[in-house]
Amino acid sequence: MSNDVVVSSTLFLTVLMLIGLVFFIRASAKDRTELACYIPGTIPETELRDRLRGYFSGRSYRLVNRDADNDRVTFEGLVAASPTLAIFLSILAAGGFLCLGLVLSMTIPQIQNAGLALVLLAPAAGWFYQRKAQRTEQVQLQLETNDQGAIARLWVKAHRDELIALEASLGLEPTRPASH
């Protein structure tokens, strides 16, 4: 009787672990677009524009839209999935399926070790990530000028990782404005 309780609770916990694993794999390919605001400081407007254009060209983005009235430009580029993350997710899925297979083998003795065959589904996690994570992303830039015509703020709407790389490359510090 005690063994049945242990196996049942282990099965329950394993199913909970698999639910968490599925959500983790789904979240790995989630769009993480954010809006950030920067105060460029003493960087002259033409230099900032040239540095931004050079930065995004160097990262294989291309200019797709220029709205001169609002001083807004949109770049577009293909973002590749990380092969390392795809492999990592497949390994995590293999571990989860292995646990489920072992628990199913204990719970349903008639299947013996056939539950371990679930590990063969693990590469689907990496495939899912690669299929969803590789996509075309847009970066929107908007410059706001003050009364003197100098750049007051730079608004960037992009993927979180792109914002981090932009900050590191151009030495920009994000601000926390009231609203946009």
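Is arginine 59 buried, partly exposed or exposed? In this predicted model, arginine 59 is partly exposed, with a relative accessible area of 40%. Its side chain meets that of glutamate 162 in a salt bridge, with an N to O distance of 2.7 Å. This pair links distant parts of the chain, since arginine 59 belongs to the loop between helix 2 and strand 2 and glutamate 162 to helix 5, 103 residues apart. Glutamate 162 has a relative accessible area of 7%, under the 20% limit, and therefore counts as buried.

Seven salt bridges are found in the whole structure. One of them joins aspartate 71 to arginine 49, whose closest N and O atoms are 2.8 Å apart. Aspartate 71 is in the loop between strand 2 and strand 3, whereas arginine 49 is in helix 2, so the pair ties together parts separated by 22 residues in sequence. Aspartate 71 is partly exposed at 22% relative accessible area, and arginine 49 is likewise partly exposed at 27%. A further salt bridge connects glutamate 144 with arginine 153, the closest N and O atoms lying 3.8 Å apart. Here glutamate 144 is partly exposed, with a relative accessible area of 26%, and arginine 153 is partly exposed at 29%.

The loop between helix 2 (45–58) and strand 2 (62–67) also contains serine 60. This residue has a positive phi of about 65 degrees although it is not a glycine. Most residues other than glycine have a negative phi. Serine 60 is exposed, with a relative accessible area of 61%.

The largest nonpolar core comprises 21 residues, and those with the most contacts inside it include Leu52, Phe56, Leu141 and Leu154. At least two residues of this core come from each of strand 1 (33–38), helix 2, strand 3 (72–79), strand 4 (135–145), strand 5 (151–159) and helix 5 (160–170). Another core, of 13 residues, lies apart from it and has Leu89, Leu100, Ala125 and Tyr129 among its members.

Helix 1 covers residues 2–28, and its 27 residues should span 39 Å at 1.5 Å a residue; the end C-alpha atoms are 39 Å apart, which agrees. Its buried residues are Val7, Thr14, Leu18, Leu21, Ile25 and Ser28. Helix 3 (83–107) and helix 4 (123–133) are among the elements that cover them.

An unreviewed UniProt entry annotates residues 6–25, 85–105 and 111–129 as "transmembrane region". Residues 6–25 are 100% helix and 0% strand, with end C-alpha atoms 28 Å apart. Residues 111–129 are 37% helix and 0% strand, and their end C-alpha atoms lie 31 Å apart.

Note on methods
Residues numbered from 1 in each chain as written. Predicted model: local features only at pLDDT ≥ 70, side-chain atom pairs only at ≥ 80, totals over all residues. Heavy atoms only, no water. Helix = DSSP H or I, 4+ residues; strand = E, 2+ residues; numbered from the N terminus. Expected span 1.5 Å × (residues − 1). Buried < 20%, exposed > 50% of the residue type's maximum accessible area, 1.4 Å probe, protein only. Contact = heavy atoms within 4.5 Å. UniProt positions renumbered as here; feature names shortened; annotations may be inferred. Core = buried A, V, L, I, M, F, W, Y, C linked by side-chain atoms within 4.5 Å. Salt bridge = Lys/Arg side-chain N within 4 Å of Asp/Glu carboxyl O.
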